[in-house]
Structures are given as C-alpha cells and as structure tokens.
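Open the model in a viewer and keep the selection tool ready. The stops below come in the order in which to select them.

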Amino acid sequence: MEKEDQETSTVEPLSPISQLFLSPTLYCVIIFTLGFKTRCNPSSIVEGIKNTWIKFPRFSCKLEMKKNGKAVWVPTTYEVEDHVIVPDIDYSNIENPDQFIEDYTSNIANTPMDMSKPLWEFHVLNIKTSNAESLCIGKLHHSLGDGMSLMSLLLAISRKTSDPEALPTTAATRKHVDSNDKGWSLGKTGDRVQSRKVIHRIISLDDVKLVKNTMEMKVNDVLLGMTQAGLSRYLSRKYDEGMVVEKKKILEKIRLRGTVIVNLRETTKIEDLANMMAKGSKSRWGNFVGIVIFPLWIRSEDDPLEYVQRAKSTMDIKKLSMESLICYGVIKFAMKMFGEKVVETLVKRIFDHTTLAFSNVMGPDEETSFFGHPMSYVAASALGGSQALIIHFVSYVNKIVINLAVDTTVIPDPYLLCDDLVESLNIIKLAALEKGVHKMEV
C-alpha cells in the first residue's frame, strides 16, 4: 500500500485539455512579461523561485510518455539557474529598447521548447523601456495550466508593495465573481507552429470601467466590443473614405468567428496556492476550460456603442447555452472513449474554422512586487497554431495591457491594428460619456 501511495504521488496524469496541448497540431505556449519599476536582481529571482515556484509539483516535473501513448508528470532534479536566463547583452548599444524587447519576446515565443526538462523558463533583462526599468519574460508550456491558474500562481508568489507580507488582491479575492467575470483563456490550434510578432499596448482600466458602468455591463463585454470595433475600423481602411455606402455593404458581408476558452472552475483562491507551496497542501490546478465560439460583429456602425451592446448580447446567449461546459464534457468523454487522435481532429476542425482568438485575465488591483521587485505592468499571450491573430487583455492596478500575437504574413501592419483598437476604445468612451450626460439631463 505504501509503495502504491508513493507511485501515485510521484506520477500524475495530464488532464484531457493538457494532453491536447502536447499534440503537434495543438501545441501552445504562454509568454508573459513582468515590467519592473527598479533594476532587476537575478539572484533574488533565482532565490525566490527556489523558495516558492519549484515547490509547486508541475514546475519540478518533466513529461514522459507511457507505453499506452499517455503523457504523465514525473518529478525530476534540475538546477533552477539553468531555467533563469540572463542574456549577455550590451544594452548601451540598443537604440530602440521597446523594439528590442518586442523582437526578443517574439524570438523566444517562436523557439520550440525542450520537452525533456521542466517546461518553464525566465529571461531577466536589465534594460529600460518606455514602461519599465527592467523586465522578466517568462515562457511556459500551456500543459502546465490555463491562464487563470497561472495568474493565480503569479499572485500567490507576489506580495503587496505596501505590505511585503500580504498577498495581493483582485476583484475575485474580495467578492464572489460570476461566470462573466472569471476571465477567458485562449485556445489555439493549427497545422504548425507559426512565426508570430508579439507586441503590446497599455490602456486605462478606468476608461474601460467608465463604459462598463454607463452601459451596465461587464469589463469582458467592453473589451470584446472594443475588439469588434477595432477590427471593423482596421478592415474598413482598405476602402476609400468616399466609398461610405460601398464600405458598409462590404463589411456586412465579412463573416468572422472568434474562439474563446472559458474558465470553468470556481475562482482559485490565492491563499490555497500560497499554502500549497509553503506547506505542501493541495489545490486544484491545470486546464479546466471549455470552448465557446462566437460571431464577431464587423460593421461600419454610426453608433459606436452598438459594438459593446452586440458583444454583451452575444456573450449572454453563450453563457445561457452552457456551450463551454458541454464542450468540456464532450472532449473528456471522447478522449476516454475514442482516444486522443479523434479528439485532436475534432478540436482542430473547430479552431480551423475560426479566424482569431482572444482572452481576458484579471491581474492584481493594487501595486504588487515580484520577489522584491515592484511591478509596473503585466503582459501575457498564449501562442500556437494557425490563426493569424491572438488578442489578450491583462489588467494590472489601473491599467489594461493589450497583447497581440500576429502572423505578419497575414497582418503585415500589427501596429496599425493596435492603434485602431485603442482609438476604438476612445470613441466608445466618448459616446458613453455623451450617453451618461443625456441620462442626467433626462
């Protein structure tokens, strides 16, 4: 009995969704960037990881394939220093630090991971950019967990800047959060690992909340509406300003569908993860998500608020349909009955018939430090597959970071698309302000 317990504790099977992320056609990694307000001390990062991160079982495991073709997590020994990379770079010769970081991030995102060792790495760069004094760029295989799990883990190993002994808070840690506020995690597929350009832009969370409160909806609805408006604006640029009628007719014929993987678990408690690393207790972890497919509203609207109203109505219908939960159940059942190859083909077909994917994950809502380094922002993207555009939103205090992962062979001007997303939020905000003033007058 003792031997059986030991075997169970040392070998852990992958969940159905995690198993899919290992297949060549569904391969997916998560890239995140932590911007710091001070120079980064690599020794502090290494020591902090040794005291927290590696105590979480999966970050001290490697994947092994069993004879039946199933992958399992198997504990392994390794040096943390081998996973914390400090590149030997002469930063004084870099003319454009922001561009350098974009290129560096894109390069590590497009480099395949070594699957023979624990599937994570940190890159520490003491380079000053527009939004940070230094940065830490992390790369993790998506089989380790979904976006909500990884954000919860990041929060569990961080501390409040105002109280170095206290865990940071989010809206989810202060109150009950319904399924509309849990956040969406990305799902990706494709025939190959594509080369992508990774860029980000910072916007005001207060602007998003203004629209949210005026329109009586959720932050997720505003971000989705902003995405629809930005894409409509970007696609309409192909046509002359004088072709107003023709432009409207052409946009109405465009059919885009987005793919979202919805978090299905109850909100993960940060305290549970902190206790797990400190005391070896248990906490649910992994990829517990379901798929939602929704049609994007691509139009040339006279009323910019129509984009957010459409987003809300579409997502409300999707939630009532329980599409994401049913999808997870079907995948789990099919994996058990028919095997991974059948499910891989099924999921690949679903994603191959969508145009883009996006997610929204809530970060800390107060100033937070990472192993003694005060953070200025958090950015993240999940990359993999054939879709040309992946859009992620990550909040931090009073900011939201827009993260784009773009196939530049399809979208050669990602900065213009990013501009259109930001400008669309500004236009929607102004319309919401006018609506608010009108309500007060009435």
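In which helix do E306 and R310 both lie? Select helix α11 (residues 305-321): E306 and R310 are both there, four residues apart, about one turn of the helix. Helices (H or I, at least four residues) and strands (E, at least two) are DSSP runs, numbered from the N terminus.

Before going on, note that this is a predicted model, in which local features need pLDDT of at least 70 and side-chain atom pairs count only at pLDDT 80 or more, while totals for chains, interfaces and linings use all residues. Residues are numbered from 1 along each chain as its sequence is written, and side-chain values use heavy atoms, with hydrogens and water left out.

Show the side chains of E306 and R310, which meet in a salt bridge at 2.8 Å, N to O. The term stands for a side-chain nitrogen of Lys or Arg within 4 Å of a carboxyl oxygen of Asp or Glu. R310 counts as partly exposed at 32% relative accessibility. On that scale, buried means under 20% relative accessible area, exposed means over 50%, and partly exposed is in between (1.4 Å probe, protein chains only).

Stay in α11 and select K312 and D316, which also lie four residues apart, about one turn of the helix. Their closest N and O atoms are 2.7 Å apart, in a salt bridge. K312 is partly exposed at 25%, and D316 is partly exposed at 28%.

**Other salt bridges**

Next select K128 and E133, whose side chains form a salt bridge of 2.7 Å, N to O. E133 is partly exposed, with 30% relative accessibility. Then select E102, D103 and K197, which are linked in a network of salt bridges. The count of salt bridges comes to 14.

**A nonpolar patch**

Switch to a surface view and colour M322, L325, I326, V330 and L346, which make a nonpolar surface patch of about 440 Å². Patches are made of residues with over 30% relative accessible area and no salt bridge; like charges are joined within 9 Å, and nonpolar side chains (Val, Leu, Ile, Met, Phe, Trp, Tyr) within 5 Å. Helix α12 (residues 323-338) gives the largest share of the patch, three residues. L325 lies in α12 and is partly exposed, with a relative accessible area of 42%.

**Strand β6**

Return to a cartoon view and select β6 (residues 120-125). Six of its six residues are buried. Which residues point one way from β6, and which the other way? W120, F122 and V124 point one way, E121, H123 and L125 the other, and all are buried. In a regular strand the side chains alternate between the two faces of the sheet.

Two strands pair if DSSP finds at least two bridges between them. V84 stands opposite F122 in β6.

**The aromatic cluster**

The whole structure holds twelve aromatic pairs. Rings of Phe, Tyr and Trp (its six-membered ring) pair if their centres lie within 6.5 Å; planes under 30 degrees apart count as stacked, over 60 as edge-to-face and the rest as tilted.

The ring centres of F122 and F370 are 6.2 Å apart and their planes stand at 35°, so the pair is tilted. F122 is in β6 and F370 in strand β14 (residues 368-370), so the pair ties together parts that are 248 residues apart in sequence. Both F122 and F370 are buried. F370 also forms a tilted pair with F371, at 4.4 Å centre to centre and 45° between the planes. F371 is buried as well.

**A three-stranded sheet**

Select β1, β4 and β3, which form an open sheet in the order β1-β4-β3, with antiparallel pairing. β1 (12-13) and β3 (61-65) stand at the edges, each with a single partner strand, so one side of each is left without a neighbour in the sheet. Two bridges join β1 to β4 (residues 71-75). Pick P13 to find its bridge partner in β4, V72.

**The whole chain**

Finally, select everything. The protein chain has 14 helices and 17 strands, and 56% of its 442 residues count as buried.

Technical notes. Accessible areas come from the Shrake-Rupley method with a 1.4 Å probe; for residues, only the protein chains shown count as cover.
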